[in-house]
Amino acid sequence: MNSKLKKYLVLSGLSISLLLVLALIGFFVVDELKGGAVGDGQNKYELIIDPGEPSSSVVRELAAAGMIKSSVYFNYLMKFTRAGNKIKQGVYDINDGMSSRKILDVIISGKVKLISFTVPEGYNNRQIGDLLVSKKLAISREEFLKVTQSPALLTKYNIPAKTLEGYLFPETYSVPLNYPLERITEMMIKRFYKKLESIPEAKDIKPADLHFRVVLASIVEREAVRKEERPMMAGVFLTRIEKNINLESCATIQYLFDKPKKRLFESDLKIVSPYNTYINGGWPPGPISNPGLPALEAAFKPMKSDKLFFLLKPDGSHYFSSTFKEHLEAKKKFIDVLYQ
């Protein structure tokens with residue numbers, strides 16, 4: 001190889017290397033100018049990507065929200081990385097301190113924002129349905145209630161009822177947007193049975209016996225205010241059943257209304273319903289709420305006594321009575337004076 005050819009090859013190699021370096025520098029300059037962060041991260045945006053939404057729509061939304069510098073560059077970046085078809089549905093937390101590359105990484109990673117919701121102890125299925133609607137996890141209350149009446153779920157978990165009322169454990173849950181209602185419901189059922197494992201008396205219990213305890217716990221949950229009174233309250237209801245006395249639980253009347261009343265009247269106690277324990281003997285046909293662990297424990301470990309009545313005092317505690325006469329005297333002392 002002659003010296004001229006060697007010199008030409010060396011110069012060509014140097015030229016190609018220089019061009020590659022310049023191209024690389026140019027890429028990073030353009031990447032920073034067109035794909036760098038718009039701000040310092042102070043401005044936040046909740047990006048919702050619906051199922052089947054085209055990538056072009058996502059880019060337009062990011063540009064309109066001021067989260068990217070250039071929609072043209074973002075589209076080029078998606079094409080260059082072949083990420084256009086990898087974008088996943090869900091809710092994402094985006095801020096203007098993220099570069100276009102970072103935003104793209106987030107929306108193709110599937111690391112979606114989770115939506116948390118808390119089911120309070122004593123909520124019934126209707127209230128849970130409304131809660132899920134408010135969190136945009138259900139379209140309507142009716143949609144959720146239909147799931148809670150699913151014969152498949154009732155059979156799968158051996159629940160001897162027409163609804164899952166009582167078996168949806170009250171707790172905080174976190175799920176992605178558009179998470180199937182069936183799976184949300186199963187999460188709550190599974191949590192119920194997991195919590196039940198902490199109660200020794202519930203081990204190997206038959207479905208029918210468990211259902212009776214859940215019914216009792218659901219009433220105690222809605223009647224009780226203070227945790228320590230729940231075992232005594234459970235004992236009162238069991239004693240009334242044993243003595244063939246109607247439960248006369250105000251909570252079962254409240255269950256008949258879409259929203260609980262501040263005060264029940266005599267006419268309310270005469271409403272014809274199998275859940276009205278003032279006019280019907282025995283237990284109501286099913287749970288009236290979804291009880292928490294303390295109420296379930298009280299149903300399995302009731303405190304038996306001669307008490308047959310209780311009423312709520314202004315301080316949130318209950319007064320327990322053994323006779324109807326004592327109960328009426330307590331009512332005059334703690335309740336009637338409030339409405340004089």
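The model is predicted.

Start with helix 3, residues 71-81, and helix 4, residues 100-109. Their axes come within 10 Å and cross at roughly 55°. The crossing of the two helices is right-handed.

Which residues of helix 3 and helix 4 meet? Helix 3 supplies Y73, F74, L77, M78 and T81. Helix 4 supplies S100, R101, I103, L104 and I107. By class, this contact holds seven nonpolar residues, two polar ones and one charged one.

Now move to the hairpin. Strand 5 spans residues 309-312 and strand 6 spans residues 318-321. The two strands pair in the antiparallel sense, over four bridges. One of the pairings joins L312 to H318 in strand 6. Five residues lie between the strands of this hairpin. In the turn, G316 has a positive phi of about 95°.

The last stop is V225. This residue sits in the loop between helix 9 (207-223) and helix 10 (230-242). What does V225 touch beyond its neighbours up to four places away in sequence? The contacts are L312, G316 and H318. V225 and D315 are 90 residues apart in sequence, yet their C-alpha atoms are 10.0 Å apart in space. V225 has a relative accessible area of 49%, so the residue counts as partly exposed.

Key. Residues are numbered from 1 along each chain as its sequence is written. This is a predicted model: local features need pLDDT of at least 70, side-chain atom pairs count only at pLDDT 80 or more; totals for chains, interfaces and linings use all residues. Side-chain values use heavy atoms; hydrogens and water are left out. Axes are lines fitted to C-alpha atoms, for helices over the stretch in contact, and angles run from 0 to 180 degrees between N-to-C directions. A crossing is left-handed if the near helix is turned anticlockwise from the far one by less than a right angle, and right-handed if clockwise. Contact means heavy atoms within 4.5 Å. Ala, Val, Leu, Ile, Met, Phe, Trp, Tyr, Cys and Pro count as nonpolar, Asp, Glu, Lys and Arg as charged, and the others, Gly among them, as polar. Two strands pair if DSSP finds at least two bridges between them. Buried means under 20% relative accessible area, exposed over 50%, partly exposed in between (1.4 Å probe, protein chains only).
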